[in-house]
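Subject: Handing over a structure

Dear colleague,

Please find the structure below, followed by an account of what turned up when I went through it.

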Amino acid sequence: MAPASPDTAKGDYPWWLVALGVIALALAGIIIANDLYRQVFSVVLKGLWVTIFVTLVAFLLATLLGLAVALMALSESKALRQIARFYTEVIRGVPVLVLLFYIAFVGAPALVAVINFVIGPLLAAGYLEPVQVRDLSLMWRAIIALMIGYSAFIAEVFRAGIQSVDKGQIEAAKALGLSRFQRFRLVVFPQAVRVILPPLGNDFVAMVKDSSLVSVLGVADITQMGKVYASGSFRFFETYSIVAYVYLILTIGLSLALRALERRLRRT
């Protein structure tokens with residue numbers, strides 16, 4: 001029998017979800033019936049795919065980088081452990097907005113300079129053209145910033161999940177002659193995933209919200225499209241109500257899907 005959710009286990013019917021559903025349907029009705037709200041919604045919706053693309057790509061890259069940092073933190077090498085610790089503490093101490101500006105206007109020119117230095121012989125021979133800072137779009141600078149910013153938090157999620165696996169099972173895998181990689185792939189990671197997924201899902205929902213920060217760089221996401229429309233029409237209430245509505249649909253929908261996945265993992 002499937003375990004009950006925390007709310008139903010306490011006898012609490014999720015009336016908050018019913019209320020949100022009623023509000024969402026009421027707002028959807030207003031958008032359909034009102035020409036102004038419908039126009040605002042169509043403009044804001046143009047930035048939806050940019051928001052989805054930025055979030056998915058940045059989160060995927062942050063997950064891969066976070067896993068690498070977590071494995072460094074759990075390494076037998078003291079130097080790798082110290083590097084991983086230094087990275088996570090520094091990155092977690094910098095606000096995402098500051099990181100966005102830093103990567104966009106400091107990190108990007110530095111990266112271009114490094115690339116040009118590496119391909120210097122090819123440039124001198126005339127085989128390639130120098131890379132320009134403008135070649136790295138603001139959207140990709142924003143993706144890199146989000147990747148770096150979230151990788152430090154995701155690294156801690158992976159580290160905690162991996163360390164939650166019982167040491168006895170790892171020793172048993174060693175006794176069976178499994179290599180370090182085989183132990184991780186066949187024994188450690190499948191068990192750690194149950195611990196990792198819930199906080200990893202929370203980080204994904206948080207990144208959906210923090211993706212709105214890319215609008216400060218002029219990236220045409222949901223927030224930027226709303227900002228441009230509001231500044232031109234002076235319809236601030238209508239515009240930002242729609243922007244908030246779209247983000248709520250995204251984040252609450254994702255949160256409910258992640259809760260369902262978490263309950264399913266607990267049953268297995």
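**Transmembrane annotation and helices**

In its unreviewed entry, UniProt lists residues 15-36, 48-74, 94-126, 138-158 and 242-261 under "transmembrane region". Please keep in mind throughout that this is a predicted model. In that model, the span of residues 15-36 is 95% helix and 0% strand, with its end C-alpha atoms 31 Å apart, while residues 94-126 are 85% helix and 0% strand, with 41 Å between the end C-alpha atoms.

**The bent helix H10**

Helix H10, which covers residues 180-210, spans only 37 Å between its end C-alpha atoms, whereas a straight helix of 31 residues would span 45 Å at 1.5 Å a residue. Where does H10 bend? The bend, of about 45°, is at Val188, and a proline, Pro190, follows within four residues. Val188 is also one of the buried residues of H10, a list that includes Arg183, Asp203, Phe204 and Met207 as well. The cover over these buried residues comes from elements that include helix H4 (48-73), helix H8 (138-163), helix H9 (167-175) and helix H12 (236-267).

Thr63 has its place in helix H4, and it counts as buried because its relative accessibility is 16%, below the 20% cut-off. Leaving aside residues up to four places away in sequence, Thr63 touches Ile154 and Phe158.

Leu71, also found in helix H4, is partly exposed, with a relative accessible area of 37%. With the sequence neighbours up to four places away again left out, Leu71 touches Ile162 and Phe184. The C-alpha atoms of Leu71 and Phe158 are 8.4 Å apart in space, although the two residues are 87 apart in sequence.

**Salt bridges**

Side chains of opposite charge can pair when their charged atoms come close. How many salt bridges does a search of the whole structure find? The search finds six, and I describe some of them here.

Arg38 forms a salt bridge with Asp35, and the closest N and O atoms of this pair are 2.2 Å apart. Because Arg38 and Asp35 are three residues apart in helix H3 (residues 35-45), about one helical turn separates them. Arg38 counts as partly exposed at 36% relative accessibility, while Asp35 is exposed, with a relative accessible area of 54%.

A second pair is formed by Arg85 and Glu156, whose side chains meet in a salt bridge at 3.9 Å, N to O. Since Arg85 lies in helix H5 (residues 78-92) and Glu156 in helix H8, this pair ties together parts that are 71 residues apart in sequence. Arg85 counts as partly exposed, with a relative accessibility of 41%, and Glu156 counts as buried, with 16%.

Glu156 also forms a salt bridge with Arg159, where the closest N and O atoms are 2.9 Å apart. Glu156 and Arg159 both lie in helix H8, three residues or about one turn of the helix apart, and Arg159 counts as partly exposed at 23% relative accessibility. Through salt bridges that share partners, Arg85, Glu89, Arg92, Glu156 and Arg159 are joined into one network.

With kind regards

Methods: Residues numbered from 1 in each chain as written. Predicted model: local features only at pLDDT ≥ 70, side-chain atom pairs only at ≥ 80, totals over all residues. Heavy atoms only, no water. UniProt positions renumbered as here; feature names shortened; annotations may be inferred. Helix = DSSP H or I, 4+ residues; strand = E, 2+ residues; numbered from the N terminus. Expected span 1.5 Å × (residues − 1). Bend = angle between axes of the 7 residues up to and from the residue. Buried < 20%, exposed > 50% of the residue type's maximum accessible area, 1.4 Å probe, protein only. Contact = heavy atoms within 4.5 Å. Salt bridge = Lys/Arg side-chain N within 4 Å of Asp/Glu carboxyl O.
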